[in-house]
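Subject: Structure for your review

Hello,

Please find the structure below, followed by notes on what was found in it.

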Amino acid sequence: MGLWFSLFTVVILVLLVFMGVGVVGLNSLFGILIPYAALLIFLVGVVYRVGKWTKAPVPFRIPTTCGQQKSHPWIKANNFESPSNTFGVLVRMALEVLLFRSLFRNTRAELRADGPRVVYGGTKWLWLAGLAFHWSFLLILIRHLRFFTEPIPFFVNLVASMDGLFEIGVPTLYVTDIIILLAVTYLFLRRVVIPQIRYISLAADYFPLFLILGVALSGVLMRHFYKVDIYKVKELATGLFSFHPLVPEGIGLAFYIHLFLVSTLLAYFPFSKLMHMGGVFLSPTRNLANNNRMRRHVNPWNYPVKVHTYEEYEDEFREKMKAVGLPVEKE
Amino acid sequence: MSEDLSNVPKPDELMRIDHKPPRKGWMDVPVDFKPGTYSYTAKAKNLKILGMPNPREWSPTDEDWKLPENWEEIVREGFKDRLDKYRSFQLFMDICVRCGACADKCHFFIGSGDPKNMPVLRAELMRSVYRKEFTTSGKIFGKLAGARELTVDVIKEWFYYFYQCTECRRCSVFCPYGIDTAEITMMGRELLHLLGCGINWAMEPVANCFRTGNHLGIQPHGFKDTLEFFADDIEDLTGIKINVPLNKKGAEILFVVPSGDYFGDPGTYTCMGYMMLFHELGLNYTWSTYASEGGNFGLFTSHEMIKRLNAKIYAEAKRLGVKWILGGECGHMWRVMHQYMDTMNGPADFLEVPTSPITGTRFENAKSTKMVHITEFTSDLMKHNKLRLDPGRNDNLIVTYHDSCNPARAMGLIEEPRYVIRNVCNHFHEMPENTIKEQTFCCGGGAGLGNDENMEMRLRGGFPRGNAVRYVQEKYGVNRLACVCAIDRATLVPVCDYWAPGVAVTGVHEMVANALLMKGEKERTTNLRGEPLPGKEEVEDE
Amino acid sequence: MNNRIIIIAGLIIFLCLITFPIWYNVVGGKAAYAPELKIVSEEKQCVESTKYMRAKHMQLLNDWRNSVVREDKRTYTALDGKKYDMSLSNTCLKCHSNKADFCDKCHNYVEVTPTCWNCHVAPEGNKL
């Protein structure tokens with residue numbers, strides 16, 4: 001259900017642009033108002049969500065340790081999997097955020113009838129596709145700065161020339177474009193093909209995949225097939241970012257589809273699981289040091305509780321204790 | 001402990017399962033309380049002792065659970081309260097992308113095939129309610145957004161599945177965001193307790209522990225008797241009379257163990273092991289009848305209950321005037337001691353930084369909490385050659401080591417016990433790497449689930465562990481499974497009997513005591529269990 | 001532990017990065033700058049229509065290069081049937097003699113780096 005609903009929604013979104021821009025000619029709505037609104041929702045939304053997480057305290061230090069603790073000097077501690085100091089935590093977080101360390105550990109358990117027994121195999125596909133997808137997305141975003149800035153910062157050309165290293169076709173085919181399409185397709189297919197993953201998938205899982213696929217496809221299509229006037233695209237983009245919005249005539253419908261899907265993604269972002277982008281930094285099982293017994297962690301709402309004191313205990317058992325010669329406080 | 005496994009189907013029958021989920025969506029599949037897969041409910045008397053809400057007699061199979069009249073409001077407010085108090089909870093409700101990496105990491109999913117035992121779905125049981133109650137999209141889009149109404153059936157489902165999670169944290173190792181199902185299960189159980197829905201195998205120990213100091217309800221004179229009985233056994237074996245310091249003021253070290261260690265075999269051998277080691281060292285230590293429980297079933301109840309039960313440790317250390325605390329072999333106890341005790345009941349500024357009186361080693365890693373793990377203590381002794389050991393006395397044992405969940409994943413205690421084991425036995429083999437260290441599998445009976453009525457589910461959950469044990473049994477002839485956890489020593493016995501018959505379970509310090517050459521001991525012919533020592537078999541026959 | 005300061009700092013860094021185009025354009029002072037384009041030409045009609053050329057000149061030139069260098073074919077038949085010599089220097093630059101105004105302005109503006117001048121000698125005297 002979630003799959004079809006999501007696909008249907010994205011198709012509707014595309015049709016909206018055909019209607020709105022292609023037929024009715026609401027270019028300023030789709031070219032100025034919606035992108036502005038989307039950006040605003042994104043910024044305010046992200047701040048709100050992260051703010052909500054920040055407001056909730058971390059009462060206990062609960063890292064998941066994935067390696068040897070620091071104890072004796074002669075036992076080699078694993079400071080990146082079970083960090084005992086801030087440096088270790090930083091490395092652990094960097095490995096997690098930049099290289100998806102935990103996902104790299106992924107295994108697959110398989111039940112065999114003989115025995116019966118269960119065997120485990122390494123499986124790196126999810127890690128590879130996830131990593132490829134996220135890094136491609138980032139590089140594509142950086143490349144897009146050529147449309148957003150004037151003069152264009154040096155690193156944009158650096159990224160773009162590396163991305164187009166193979167110089168296939170004119171205009172040059174970007175490697176990240178291919179990778180992101182493949183990766184998103186894989187991430188979608190595994191949701192459909194693997195029964196367990198299909199079982200847990202919600203509309204909220206399919207929708208961002210279709211949306212991002214739509215964004216990437218419309219981008220690739222207008223670069224290589226349905227040409228748009230990128231000179232005018234840049235005029236529109238810099239106009240938006242410098243608060244002098246304008247909609248040049250004749251950019252091409254493909255661009256408006258691209259822009260509208262991106263706007264939808266931005267506006268949807270803070271309400272969705274996509275907030276894992278911020279959440280990954282805040283996870284208490286990863287971003288805390290395993291130095292619990294070295295440094296006391298303070299719980300801001302630690303409150304007194306009803307305990308059973310030694311006096312109450314001795315009051316109940318005093319005679320029995322005395323009978324067997326156990327020392328007591330009150331005779 | 002002797003468990004009755006006769007009601008459980010044979011292994012190949014038990015594992016005739018399909019990991020493919022049903023066609024029907026999970027929200028439309030009602031919970032089925034099948035005998036052998038759930039725990040009996042908490043008795044009213046235990047809840048009353050603790051002052052917990054809605055004490056009553058009831059059963060999960062009842063149609064009417066006798067929930068409080070305003071139960072929905074209670075859950076809603078309890079939920080909100082915890083979202084505000086725990087960033088972990090708020091975050092883990094929000095950021096899961098349902099990538100499914102956790103799915104086949106759970107021992108209960110591997111062993112049962114029930115899709116709601118996939119950690120992601122276990123959490124979705126709560127997230128679905130969270131979306132409906134606390135998010136705009138959930139309120140508007142309902143089921144499409146993965147939201148659902150809070151109903152009595154949802155509460156029943158929570159009860160079944162949050163008591164089918166042992167809070168072992170294996171899934172959190174693999175989650176790209178470190179989402180920890182233990183956190184979610186803990187919150188789920190807290191909410192259930194607000195309605196008076198708990199299990200007796202957790203709440204009776206909690207009630208006992210609150211009153212008598214230990215889970216088993218052993219009173220001070222009984223505790224003294226038990227330890228003295230062990231001392232007699234030790235004298236029979238070694239010819240050495242050892243004394244049992246109890247509630248001794250001015251001792252240097254307070255020694256705390258899980259009560260399982262002095263209650264039933266094979267934990268008792270480990271307990272004797274500690275006693276022999278400390279005697280040999282001439283350690284100035286004391287047991288406490290009040291702090292006679294290091295374990296803490298509060299961890300399986302609520303954060304408040306952890307604190308209520310844990311308070312006695314520091315209180316007793318202060319009353320007795322010890323310098324520091326030493327803790328025995330126990331899994332969840334060490335999660336509490338390592339991650340919660342100092343925060344909840346500290347600061348322990350009346351204690352000193354733990355220093356081994358034998359080697360002079362300062363345990364810098366415990367300088368704030370002031371509590372040291374027994375394998376940290378013993379490995380330090382061995383490193384400094386302070387013990388005379390004959391590992392040959394354990395030559396009849398071919399040993400493998402089971403990392404207990406909490407020491408491995410909440411503490412990082414991995415090499416210390418291995419160092420100790422290698423020093424006291426000659427035949428040690430690791431299980432496959434996907435089943436040890438941070439990837440270790442639960443025994444299937446942690447977090448209050450180790451009761452007899454839940455046996456089928458325990459054996460299902462114990463399957464990945466049992467299977468790994470059988471692997472090394474077949475490959476290396478392993479006949480002894482060592483561990484540093486009292487729950488393991490109770491629950492792995494039936495797991496091994498069922499999945500790897502012929503493998504017995506041992507504590508690490510039982511093997512230490514077997515190998516320990518004590519001053520003035522007579523020639524030993526058997527180990528602590530009364531099994532003939534290698535080369536002494538004939539003596540036994542005479 | 002109060003880590004709120006760290007989170008807020010992180011959030012601010014993120015916002016700065018994500019709004020980079022805004023403050024870069026505003027601070028850079030070249031807000032909404034777009035170069036004025038001049039079609040410098042001596043003929044009325046290019047080899048193909050303006051629309052075609054605007055969208056596909058890069059492909060056309062690429063085809064010309066392949067055709068000349070690899071297949072030794074030098075004649076291009078346009079859609080309207082007219083024939084042209086496939087030559088950047090002789091055909092294109094004959095009309096569009098001002099590279100700076102005609103090529104570079106636009107290419108620089110959207111950061112396009114054509115490989116034409118790797119081999120061809122750029123016309124002198126009209127550097128931007």
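**Helix packing in chain A**

The axes of helix H10 (residues 203–224) of chain A and helix H12 (residues 253–268) of chain A come within 9 Å of each other and cross at roughly 155°. Axes here are lines fitted to C-alpha atoms, for helices over the stretch in contact, with angles from 0 to 180 degrees between N-to-C directions. Helices (H or I, at least four residues) and strands (E, at least two) are DSSP runs numbered from the N terminus. H10(A) and H12(A) are therefore roughly antiparallel; angles over 145 degrees count as such, those under 35 as roughly parallel, 65 to 115 as roughly perpendicular and the rest as oblique. H10(A) passes H12(A) in a left-handed crossing, where left-handed says that the near helix is turned anticlockwise from the far one by less than a right angle, and clockwise would be right-handed.

This is a predicted model, in which local features need pLDDT of at least 70 and side-chain atom pairs count only at pLDDT 80 or more, while totals for chains, interfaces and linings use all residues. Residues are numbered from 1 along each chain as its sequence is written, and chains are lettered from A and ligands numbered from 1 in the order in which they are written.

On the H10(A) side, the residues that meet H12(A) include Leu211(A), Ile212(A), Val215(A) and Met222(A). Their counterparts in H12(A) include Phe255(A), Ile257(A), Leu261(A) and Leu265(A). Contact is counted if the C-beta atoms of two residues, placed from the backbone, lie within 7 Å. By class, the contact of H10(A) with H12(A) has 11 nonpolar, five polar and no charged residues. Ala, Val, Leu, Ile, Met, Phe, Trp, Tyr, Cys and Pro count as nonpolar, Asp, Glu, Lys and Arg as charged, and the others, Gly among them, as polar.

A second pair in chain A is helix H5 (residues 125–143) with helix H7 (154–163). Their axes come within 8 Å and cross at roughly 125°, which makes H5(A) oblique to H7(A). This crossing is also left-handed. Leu139(A), Ile142(A) and Arg143(A) in H5(A) meet Val156(A), Val159(A), Ala160(A) and Asp163(A) in H7(A). The contact divides into five nonpolar, no polar and two charged residues.

**Strands**

In chain A, strand S1 (residues 107–112) and strand S2 (residues 117–122) run antiparallel and are joined by six bridges; strands count as paired if DSSP finds at least two bridges between them. Leu111(A) has Val118(A) in S2(A) as its bridge partner. The hairpin has four residues between the strands, and Gly115(A) takes a positive phi near 120° there.

Chain B has an open sheet of four strands in the order S2-S1-S3-S4, with parallel pairing. Strand S2 (285–286) and strand S4 (371–373) of chain B stand at the edges with a single partner strand each, so one side of each is left without a neighbour in the sheet. Strand S3 (residues 324–327) of chain B pairs with S4(B) over three bridges, and Ile325(B) stands opposite Met371(B). H14(B) packs on the sheet, touching S1, S2 and S3 of chain B, and its direction makes about 150° with that of S1(B). Helix H16 (residues 374–383) of chain B touches S3 and S4 of chain B, at about 70° to the direction of S4(B).

An open sheet of three strands in chain B has the order S5-S6-S7 and parallel pairing. The twist averages 35° from one strand to the next. Helix H21 (residues 486–499) of chain B lies across S5, S6 and S7 of chain B, running at about 165° to S7(B).

**Contacts between chains**

Of the two pairs of chains in contact, chains A and B share the most contacts. That contact takes 94 residues from chain B and 82 residues from chain A. Helix H14 (residues 303–320) of chain B gives the largest share of the chain B side, seven residues. By class, the chain B side has 42 nonpolar, 25 polar and 27 charged residues.

The contact between chains A and C takes 33 residues from chain A and 26 residues from chain C. H11(A) gives the largest share of the chain A side, seven residues. No contact joins chain B and chain C, whose closest C-alpha atoms lie 11 Å apart.

Regards
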